[in-house]
Amino acid sequence: HPNLWGLGSRLNDFWKEDLVQAITMVCMAVYVLHVGLTLIVVPSAILQPRDWFSIGAPHPAISLLAGATSGAQLWSGHLWTLLSASFVHYGILHIGFNLWWLQDLGRLAREVFGPARFALLFVLTGIVGFLLSDIVSGVPTAGASCSLFGLLGALATFGWRRGGVVGKRIKDQMIRWIIIATLYALMMGGVNHFGHGGGLLAGIGLAFVFPRHERQREGRGVQLAALGLLALTGVSLLAAAIGWFVMSPPYLPQIAAG
């Protein structure tokens, strides 16, 4: 039905909300939850960090049991971790850098593609990045950076397809940021390069499906698909939270031992 049985106006109102801020708040809430669980189970992991990168870092086992993904998680059928992992972070620096980049990239992508396409882009590139990582390396991984590389790839491709002064400016800026982010990741070590690469390629691919000009109308199909993915993401975060209470008891002594 073209008016979605009277729900069309409500759907339009939903897409006026600040999705970038919503994603930021969910990431922060998940991080606080994982830090809180770590303080309860193994407080030394928080109170006695090993180095700068482990400051404020939840225990890795807690993150893995409560939303991060890995090859073992994937092959065990925990497919929801492909969505929940984008909202899990491993420390103050990890979440700080990712959310800082999200403010700029997310708002630009929302302005260029529209809110529903931005939501599709963020969720789908995260899924592809983590799926590639789980299949190729299998190591535990999490963070919004797979989706951030997806935004970089999509915006760079958009700028190239759009052309003109504006398109060239966006393309050049995104390419610079891709180079900077990749060099930074290489210097840090322990970074999920497969996830970044998968997210980047997925973003490039989606940009060829999206319109080549900014602020194009988003049809009901796009809006409903994005809304469905957001709902599925919410279910995945709930499944991860429930999974912690279901799966953690056998591991608590091992986690508490450090």
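Guide: In this predicted model, a residue is called buried when its relative accessible area is under 20%.

Visitor: Why is Ser-236 called buried?

Guide: Ser-236 has a relative accessibility of 2%. The cut-off is under 20%, so Ser-236 counts as buried. Ser-236 is placed in helix H12.

Visitor: Which residues does Ser-236 touch, leaving out those up to four places away in sequence?

Guide: Ser-236 touches Trp-80, Leu-83 and Ser-84.

Visitor: What makes H2 roughly antiparallel to H7?

Guide: The axes of helix H2, residues 19-41, and helix H7, residues 92-113, cross at roughly 165 degrees and come within 9 Å. Angles over 145 degrees count as roughly antiparallel, and therefore H2 is described that way relative to H7. The crossing of the two helices is right-handed.

Visitor: Which residues of H2 and H7 meet?

Guide: From H2 come Leu-19, Val-20, Gln-21, Ile-23, Thr-24, Cys-27, Met-28 and Tyr-31. In H7 they meet Ile-92, Ile-95, Leu-99, Leu-102, Gln-103, Gly-106, Arg-107 and Arg-110. Sorted by class, this contact of H2 with H7 has 10 nonpolar, 4 polar and 2 charged residues.

Visitor: How do you know that H7 and H10 are roughly antiparallel?

Guide: H7 and H10 pack at about 160 degrees, and their axes are 14 Å apart. The class takes angles over 145 degrees, so H7 and H10 are roughly antiparallel to each other. H7 passes H10 in a left-handed crossing.

Visitor: What makes up the contact of H7 with H10?

Guide: H7 contributes Phe-97, Trp-101, Asp-104, Leu-105, Leu-108 and Val-112. H10 contributes Ile-170, Met-174, Trp-177, Ala-181 and Tyr-184. By class, the contact of H7 with H10 has 10 nonpolar residues, no polar ones and 1 charged.

Visitor: Which residues touch the most other members of the largest nonpolar core?

Guide: That core has 55 residues, and Leu-105, Phe-113, Phe-118 and Leu-155 touch the most other members. Helices that each supply at least two residues of this core include H2, H7, H8 (115-136), H9 (145-162) and H10 (164-188).

Visitor: What does Leu-105 touch, not counting residues up to four places away in sequence?

Guide: Leu-105 touches Leu-148, Leu-151, Leu-152, Leu-155, Met-174 and Trp-177.

Visitor: How many residues are in the other core?

Guide: The other core lies apart from the largest one and has 8 residues, among them Val-41, Ile-62, Leu-65 and Trp-244.

Key: Residues are numbered from 1 along each chain as its sequence is written. This is a predicted model: local features need pLDDT of at least 70, side-chain atom pairs count only at pLDDT 80 or more; totals for chains, interfaces and linings use all residues. Side-chain values use heavy atoms; hydrogens and water are left out. Axes are lines fitted to C-alpha atoms, for helices over the stretch in contact, and angles run from 0 to 180 degrees between N-to-C directions. Helices (H or I, at least four residues) and strands (E, at least two) are DSSP runs, numbered from the N terminus. Angles under 35 degrees count as roughly parallel, over 145 as roughly antiparallel, 65 to 115 as roughly perpendicular and the rest as oblique. A crossing is left-handed if the near helix is turned anticlockwise from the far one by less than a right angle, and right-handed if clockwise. Contact means heavy atoms within 4.5 Å. Ala, Val, Leu, Ile, Met, Phe, Trp, Tyr, Cys and Pro count as nonpolar, Asp, Glu, Lys and Arg as charged, and the others, Gly among them, as polar. A nonpolar core is a set of buried Ala, Val, Leu, Ile, Met, Phe, Trp, Tyr and Cys residues joined through side-chain atoms within 4.5 Å. Buried means under 20% relative accessible area, exposed over 50%, partly exposed in between (1.4 Å probe, protein chains only).
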